[in-house]
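Good morning, and thank you for making time for this item.

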Amino acid sequence: MSTTVETVSASVIVAIDGPSGTGKSSTSKAVAAQLGLSYLDTGAQYRAITWWMLNNGIDVRDAAEVATAAAKPVIVSGTDPAAPTITVDGEDASGPIRTQEVTSKVSAVSAVPEVRTRITELQRSIAAAAEHGIVVEGRDIGTTVLPDADLKIFLTASPEARAARRSGEVKGSDLAATKEALIKRDAADSGRKTSPLAKADDAVEVDTTELTLQQVIECVVTLVGEKRVEG
């Protein structure tokens, strides 16, 4: 893989949405690095606030309790695509937020409107401060967080392909159980009332089922290049 940085001539905001297992994070980080842009994993922020809730005895099944606590944790996201970081109240949370416990609770916490408002404001401020532009990945970036993004991309893939990728990331995981969990997560994220997972009307859909990661990266880099020419 080429490590050449193709610096974008002007600031550009790229929104990449899609469900779990479509290659969002790997693609977004690689594209940002290649184009000299900042990078933000918005899912990590929702995981971070969920982790904080679990650590601080908040009943994540109680939306009112979650709403009351939503403003308390201090979440800071580093935007270097080569080494993205996230801290909660000054503590490195990059490892703890990837546990199965957090994964199983994040949809419930993310569905609380006060949580989404708090995290959306944080995401917008980070994007606005990105001097050379940024690649922001998540589930509602093109529709809610950054509706005026220069380029919106929606990654998709078959449930089977997504489950295979996720199983490959987690040692000893069961493929059927992983697929079932992904479908359940999709339903929760797409069905929530506040900022559901959805493809923006002006987003470019890229089906990654039959594509290698490198092919997806090249596709997105090309789309960004085309958008800059248009701009």
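Predicted model: local features only at pLDDT ≥ 70, side-chain atom pairs only at ≥ 80, totals over all residues.

Ile16 stands opposite Glu137 in strand 6. That pair belongs to the parallel pairing of strand 1 (residues 12-17) with strand 6, which comprises six bridges. Strands here are DSSP runs of E of at least two residues, helices are runs of H or I of at least four residues, and both are numbered from the N terminus. Two strands are said to pair if DSSP finds at least two bridges between them.

Residues are numbered from 1 along each chain as its sequence is written, and side-chain values use heavy atoms, with hydrogens and water left out.

Let me stay with strand 6, residues 133-138. Strand 6 also pairs with strand 2 (residues 38-41), again in the parallel sense, over four bridges. Within strand 6, Val135 is the bridge partner of Tyr39. How many of the residues of strand 6 are buried? Six of its six are, where buried means under 20% relative accessible area, exposed means over 50%, and partly exposed lies in between, with a 1.4 Å probe and protein chains only. Both faces are covered: Gly133, Val135 and Glu137 are buried on one side, and Ile134, Val136 and Gly138 on the other.

Strand 1 leads us on to strand 7, with which it forms four bridges in the parallel sense. Val14 stands opposite Leu151 there. Strand 7 (residues 151-156) has six of its six residues buried, so it is largely enclosed by the rest of the structure. One side presents Leu151, Ile153 and Leu155, the other Lys152, Phe154 and Thr156, and all are buried. Strand 7 in turn pairs with strand 8 (residues 204-207), parallel and over four bridges. In that pairing Thr156 stands opposite Asp207.

Three bridges join strand 3 to strand 4 (residues 86-88), and Ser77 stands opposite Ile86.

Turning to the helices, I will take one example. Helix 7 (residues 159-169) has Ala161, Arg162, Ala163 and Ser167 as its buried residues. Their cover includes helix 8 (175-191).

Finally, the chain as a whole. It contains nine helices and eight strands. Its radius of gyration, taken over C-alpha atoms, is 17 Å, which agrees with the value near 17 Å for a compact globule of 231 residues; the globule rule is 2.2 Å times the number of residues to the power 0.38. Along the principal axes, the C-alpha atoms fill a box of roughly 50 × 40 × 30 Å. Of the 231 residues, 46% count as buried. Among contacts (heavy atoms within 4.5 Å) with a separation of 6 or more, 76% are between residues 24 or more positions apart.

Thank you. I welcome your comments.
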